[in-house]
Amino acid sequence: MTYEIRATGPLPTIDRPRPDRAARGGKLVAVSDLHVRYTENRDIVEQLAPESDEDWLLVAGDVGEHIDDIRWALTRLSERFAKVVWVPGNHELWTPNSDPVQLRGVARYEHLVEICRELGVVSPEDPYPVWEGEGGPAVIAPLFLLYDYSFRPAGTDTKEAALAVAHDAGVVCSDEYFLHPDPYPTRDAWCRARLAATEARLAGIPEELPTILVNHFPLVREPLRPLRYPEFSLWCGSEATADWPRRFRAATVVYGHLHIPRLLTCDGVPHQEVSLGYPREWRGRAKEPGRPVQILPPVTTGATA
């Protein structure tokens, strides 16, 4: 049974917006896991709008699986928000047989980056923008890191042993069938390359500036504790990023993937899960589905890990 919850050259480190794009009166908000292949979710995206013309939107991955759906959603959002910042989730990187675009791995990711550039959407391959509105300044760092199978179930100490436990439990992420790492030999090899390149880039951010770290997967392990099936943790990030929120002065970490929206404070840093999720999940929530979560000005109410 398959079960699922839920750049080539150097770039400038940051990109300070022109004064007319400074968003001094707006809000920085975030959403993830829009999964627009579902009609109900597509309708939510169709209605999603900012509270002011100066609002910026962070999109933390899993917009959809088909290139046309991803383009449609990012087009709608970029037409409405002053700036949209996107990071890929695992679903954007799938190559489903039903998608006319059969690009795989790095080629698929690079194709999505080009779509973002056509639309004026910031991706992990672009200069990091600086939020100058209330709660700023803060460097917004969109990250694309993947996972390296190091979030292993208790009692396992290798990737192979952990995957065997997951298969025995019938908890196997669909990435194993649809997310191809080409030209890397494995997904974890691709992850290691992304970790090294991203860590070096984050280290170049001026030390006087805090950051907003945006990644599809959690950067620390604490958010995984509520998972009904702990084996799924394998596909949820990397132990290598555990100290990144403190090292890189994160005012907030924004992530999705788990479909467990909540604010969790870890080692003094807020970690905000901002997913919409599948209709069967959000129908049972009290809050209005798809309403973006405010990141800045900061919101401080939440659990402490």
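Me: What is the relative accessible area of arginine 117, and is this residue buried or exposed, or in between?
Reply: The model is predicted, so local features need pLDDT of at least 70 and side-chain atom pairs count only at pLDDT 80 or more, while totals for chains, interfaces and linings use all residues. Residues are numbered from 1 along each chain as its sequence is written, and side-chain values use heavy atoms, without hydrogens and water. Buried means under 20% relative accessible area, exposed over 50% and partly exposed in between (1.4 Å probe, protein chains only). Arginine 117 is partly exposed, at 38%.

Me: Which residue meets arginine 117 in a salt bridge?
Reply: A salt bridge places a side-chain nitrogen of Lys or Arg within 4 Å of a carboxyl oxygen of Asp or Glu. At 3.4 Å, N to O, the partner is glutamate 114.

Me: Where does the partner of lysine 159 lie?
Reply: The side chains of lysine 159 and aspartate 188 meet in a salt bridge (2.9 Å, N to O). This pair links distant parts of the chain, 29 residues apart, from lysine 159 in helix H4 (residues 159-169) to aspartate 188 in helix H6 (residues 187-203).

Me: What is the relative accessible area of aspartate 188?
Reply: Arginine 192 also forms a salt bridge with aspartate 188, with the closest N and O atoms 3.6 Å apart. Arginine 192 is partly exposed at 47%, whereas aspartate 188 is buried, at 8%.

How values were computed. Helices (H or I, at least four residues) and strands (E, at least two) are DSSP runs, numbered from the N terminus.
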